[in-house]
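Work through the following exercises with the structure beside you, and try each task before you read its solution.

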Amino acid sequence: LFRSSILNLLPVLAFLVLMLGISVYVQKASADDRQKNFAKDYFIGGRTLGGFVLAMTTAATYSSVSTFVGGPGMAWIIGYGWLYMAIVQVVVIFLVLGVFGKKIALIARKIDAVTVIDVLRARYKSNFLANFAAIVIVGFFCATMVAQFVGAAKLFEAVTGYSYLTG
């Protein structure tokens with residue numbers, strides 16, 4: 001039983017080793033560039049990422065626990081009415097990335113901002129507002145990540161047979 005459980009983890013371990021190798025390669029290949037503009041390269045890819053990367057980032061965001069646990073759970077509880085909720089997400093993504101995101105990107109380039117907090121600080125000239133917004137963002141991010149970790153642990157338990165606590 002223990003041996004089959006370890007064999008179930010081999011694809012995950014292989015994936016992690018592959019990602020570690022890729023990250024070491026990229027780390028060494030981009031050592032000179034990182035020294036010049038670390039914040040811009042780290043947070044916004046040096047402002048060189050195109051639409052394809054944005055689309056893949058959005059797809060990766062949707063490939064989360066809410067997609068595999070929350071969505072089917074809601075569909076099970078309320079039936080096809082759940083599709084209306086999913087359709088609204090497509091419209092919201094278009095508005096956020098296509099309209100609001102484009103305007104924020106133009107403003108950020110103009111004032112050389114890296115994060116949304118930088119845009120708020122420059123627009124309202126208030127460190128208090130920027131710090132408060134950062135605390136709110138981190139607070140909601142923590143709540144979101146807790147939900148992701150709980151869901152991932154439950155999926156890990158279902159797939160591997162290990163306990164929820166181990167996951």
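**Exercise 1.** Which residues line the second largest pocket?

Solution. This is a predicted model, in which local features need pLDDT of at least 70 and side-chain atom pairs count only at pLDDT 80 or more, while totals for chains, interfaces and linings use all residues. Residues are numbered from 1 along each chain as its sequence is written, and side-chain values use heavy atoms, with hydrogens and water left out.

Step one is the term itself: on a 1 Å grid over the protein atoms alone, where a 1.4 Å probe fits, a pocket is an open set of points with protein on both sides within 12 Å along at least five of seven lines, and its lining residues have an atom within 4 Å of a point. The lining consists of Y62, S66, T67, G70, G71, M74, W82, M85, A86 and Q89.

Step two is to sort these residues by element, where helices are DSSP runs (H or I, at least four residues) numbered from the N terminus. Two or more residues come from each of α5 (65-78) and α6 (82-111), and α5 gives the most, with five residues.

Step three is to sort by class, with Ala, Val, Leu, Ile, Met, Phe, Trp, Tyr, Cys and Pro as nonpolar, Asp, Glu, Lys and Arg as charged, and the others, Gly among them, as polar. The lining has five nonpolar, five polar and no charged residues.

**Exercise 2.** Describe how α5 is placed against helix α8 (residues 127-160).

Solution. First take the axes, which are lines fitted to C-alpha atoms over the stretch in contact, with angles from 0 to 180 degrees between N-to-C directions. The axes of α5 and α8 come within 9 Å and cross at roughly 80°. This makes α5 roughly perpendicular (65 to 115 degrees) to α8.

Next, look for contact, meaning heavy atoms within 4.5 Å: V65, S66, F68 and V69 in α5 meet A147, Q148, G151, A152 and L155 in α8. These residues divide into six nonpolar, three polar and no charged.

**Exercise 3.** At roughly what angle do the axes of α6 and helix α7 (residues 116-124) cross, and which residues make the contact?

Solution. The axes come within 10 Å and cross at roughly 70°, and α6 and α7 are therefore roughly perpendicular to each other. On the α6 side the contact is made by I104, I107, A108 and I111, and on the α7 side by D118, V119 and A122. Sorted by class, this contact has six nonpolar, no polar and one charged residues.

Key. Parallel < 35°, antiparallel > 145°, perpendicular 65-115°, else oblique.
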